[in-house]
Amino acid sequence: MAHISHSQFTTYNDCNLKWKLRYIDKLGTFVGNIHTLFGTAMHTVIQEYLSVMYNKSIVAADKLNMESRLKEEMVTEFTKIKEGKGVLPCTQDEMTEFYQDGIAIIQHFRKYRNKYFMKQNWELVGIEVPINYELPNKIKFIGYMDVVIYDKVRDRYKIIDIKTSTMGWNKWQKADKNKTDQLLLYKQFYSKEFDVPMDRIDVEYFIVKRKLYENTDFPQKRIQTFIPANGTPSINKVNRRLQLFMDECYDGDGNIIAHNYEKCHPKKKCKAFTKCKDL
């Protein structure tokens, strides 16, 4: 049975040829960098805090040394890339800069945590909650939800995806379907797999910002939350895009269809492993 993910779906929408190079020709050369390294570490630290907060107490969570854990996780991720891929993902200066940015994020998170995550009347459903949903034509959608919490008073679930960003999402990034489709897919598949009505599921992007704008006249936050349009019309649109992807790339038995995948438009900033314009 074929397995697809949001990453595959996004790659195809971004560039058909990039998808072919990565998933058919297996030419992927991306090994990780300071951004992915930092993102993974920050995910872990925030998820650990929330796990302790909901499963034990806020007091216990506040006692966690998040700064130390961030450093440990960044070093761990650095070592994984170095030893696994044989390359250095970043410089020492980059590690230091990103770690200091992480400290600023953690300080803001601790101070304003109750604005984003409340303990009273909420419970933690899970961290890295898996989705393993069977689609038509012997295809499975695989995914992991960063945080799922449950509002016991309103009987509602919230799926939260943690994102790290340099300066947050602007209006163009918020309008980018390759970004926002992820939670729409998670919402409907979580609904079907766990038998929760979709109208009782909320979604939210929890975006932590490394940098703030300088010389501004208004206060800035290190954390940005964004709720994409996720009603029935939006769900239907992403379903049509997903169906088109499956129809063009897989046959009825879940086998990849080999055909001539299109190059990107010359003006598009394609990040394919082999530049489209050179093929």
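Strands here are DSSP runs of E, at least two residues long, and helices are runs of H or I, at least four, both numbered from the N terminus. Before going on, the basis: this is a predicted model, in which local features need pLDDT of at least 70, side-chain atom pairs count only at pLDDT 80 or more, and totals for chains, interfaces and linings use all residues. Residues are numbered from 1 along each chain as its sequence is written, and side-chain values use heavy atoms, with hydrogens and water left out.

Back to E128. Its phi is positive, about 55°, although E128 is not a glycine. Most residues other than glycine have a negative phi. With a relative accessible area of 33%, E128 is partly exposed. The cut-offs are under 20% for buried, over 50% for exposed, and partly exposed in between, with a 1.4 Å probe and protein chains only.

N121 also has a positive phi without being glycine, near 70°. N121 lies in the loop between α6 (92-116) and β2 (122-135). At 35% relative accessibility, N121 counts as partly exposed.

What does K152 touch, leaving out residues up to four places away in sequence? The answer is N121, W122 and E123, where contact means heavy atoms within 4.5 Å. K152 itself is in the loop between β3 (139-151) and β4 (156-165), and its relative accessibility of 45% makes it partly exposed. Its C-alpha is 9.2 Å from that of Q120, 32 residues apart along the chain.

One more loop residue. P197 is between α8 (177-194) and β5 (201-209). It counts as partly exposed, at 36% relative accessibility.

Now the helices. Helix α3 (residues 34-55) packs on helix α5 (residues 66-85) at about 140°, and the axes are 9 Å apart. Axes are lines fitted to C-alpha atoms, for helices over the stretch in contact, and angles run from 0 to 180 degrees between N-to-C directions. That angle makes α3 oblique to α5, because under 35 degrees counts as roughly parallel, over 145 as roughly antiparallel, 65 to 115 as roughly perpendicular, and the rest as oblique.

Which residues make the contact? From α3 they are I34, L37, F38, T40, A41, M42, T44, V45, E48 and Y49, and from α5 they are M66, R69, L70, E73, M74, E77 and F78. By class, that contact has eleven nonpolar, two polar and four charged residues. Nonpolar covers Ala, Val, Leu, Ile, Met, Phe, Trp, Tyr, Cys and Pro; charged covers Asp, Glu, Lys and Arg; the others, Gly among them, are polar.

E73, in helix α5, is worth a look. Is E73 buried or exposed? Buried, at 14% relative accessibility. Beyond its sequence neighbours up to four places away, E73 touches A41 and T44.

Last, the cores. A nonpolar core is a set of buried Ala, Val, Leu, Ile, Met, Phe, Trp, Tyr and Cys residues joined through side-chain atoms within 4.5 Å. The largest has 38 residues, and I4, Y190 and F245 touch the most other members. Apart from that core lies another, of 36 residues, including Y54, A61, L70 and F117.
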